[in-house]
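Dear colleague,

I am handing over the structure below and would be grateful if you could look through it alongside the notes that follow.

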Amino acid sequence: MSERNTAIRSLHDLGLAAWFGGSLMGAVGLNGAARDEGGTEAARDRISSSGWAKWVPVNAAAIGAHLFGGGGLLAVNAHRVATQQGVAASTMAKTVVTGAALAATAYARVLGKKIELASSSAPEDIEKAEKHPIDLNRARRQLAGAQWAVPALTGCLVVLNALHGEQQRPAEQIPGMWERARSATHLMS
């Protein structure tokens with residue numbers, strides 16, 4: 001029962017740590033600095049957009065590492081998911097929350113790009129923004145919500161990881177598997 005999976009667990013956990021930490025720092029630090037130092041709304045948008053754009057490749061790598069590690073952990077723990085009571089439910093919860101965090105991340109990026117175009121002073125961006133006009137104030141409000149949703153959701157994933165860690169203790173595995181087997185025999189009766 002005590003098989004080591006250090007590499008995939010590290011990818012999973014480090015990826016999540018960067019995704020959570022980067023999104024929280026961006027929502028608090030980067031957006032706060034842009035508000036404090038930007039002057040005009042357009043300048044604040046440009047400062048914030050520039051910082052978030054620099055974060056995108058790192059965030060994509062972090063998310064990829066988290067997902068790859070998560071897939072690997074699911075593969076090596078498939079027996080526990082199938083046999084230990086509570087593990088399938090927490091794994092499903094983690095999957096749903098991960099999907100929501102991915103959706104919030106993608107939505108924030110789309111809104112960020114729209115605001116970036118609308119606030120740009122580059123002639124080609126101005127032309128693109130004119131072809132696809134947006135309600136800038138509405139987009140800013142939606143972006144703020146999405147940017148706060150990402151650390152909230154990834155923070156939930158950190159908590160669910162802690163639950164998975166507790167479920168992996170030997171003292172939890174045997175009773176959990178016993179309870180699952182007992183429940184299955186009652187269903188057959």
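In what follows, helices are DSSP runs of H or I with at least four residues, numbered from the N terminus. Please keep in mind throughout that this is a predicted model.

The largest pocket has a volume of about 670 Å³, and of the 31 residues that line it, Asn31, Ser48, Trp52, Leu143 and Gln147 are the closest to its centre. Four helices, α1 (6-37), α2 (41-76), α4 (87-119) and α6 (136-167), each supply at least two residues of this lining, and the largest share, 11 residues, comes from α2. By class, the lining of the largest pocket divides into 14 nonpolar, nine polar and eight charged residues.

The second largest pocket holds about 470 Å³ of space, and the closest to its centre, of the 22 residues that line this pocket, are His12, Gly70, Leu73, Lys94 and His164. Two or more residues of its lining are given by each of α1, α2, α3 (78-83), α4 and α6, while the division by class is five nonpolar, 13 polar and four charged residues.

Turning to the charged pairs, the count comes to four salt bridges. One of them joins Arg140 to Asp45, with the closest N and O atoms 2.6 Å apart; because Arg140 lies in helix α6 and Asp45 in helix α2, the pair ties together parts that are 95 residues apart in sequence. Arg140 is buried, with a relative accessible area of 18%, and Asp45 is likewise buried, at 10%, where buried means under 20%. Glu41, Asp45 and Arg140 are linked in a network of salt bridges.

Finally, on the surface, Leu24, Val28 and Trp148 form a nonpolar patch with about 270 Å² of accessible area together. Val28, which lies in helix α1, is partly exposed, with a relative accessible area of 48%.

With kind regards

Terms used: Residues are numbered from 1 along each chain as its sequence is written. This is a predicted model: local features need pLDDT of at least 70, side-chain atom pairs count only at pLDDT 80 or more; totals for chains, interfaces and linings use all residues. Side-chain values use heavy atoms; hydrogens and water are left out. On a 1 Å grid over the protein atoms alone, a cavity is a set of points where a 1.4 Å probe fits but cannot get out, and a pocket is an open set with protein on both sides within 12 Å along at least five of seven lines; lining residues have an atom within 4 Å of a point. Grid points are joined across faces, edges and corners, and a volume is the space filled by probe spheres set on the points. Ala, Val, Leu, Ile, Met, Phe, Trp, Tyr, Cys and Pro count as nonpolar, Asp, Glu, Lys and Arg as charged, and the others, Gly among them, as polar. Patches are made of residues with over 30% relative accessible area and no salt bridge: like charges are joined within 9 Å, nonpolar side chains (Val, Leu, Ile, Met, Phe, Trp, Tyr) within 5 Å. Accessible areas come from the Shrake-Rupley method with a 1.4 Å probe; for residues, only the protein chains shown count as cover. A salt bridge is a side-chain nitrogen of Lys or Arg within 4 Å of a carboxyl oxygen of Asp or Glu. Buried means under 20% relative accessible area, exposed over 50%, partly exposed in between (1.4 Å probe, protein chains only).
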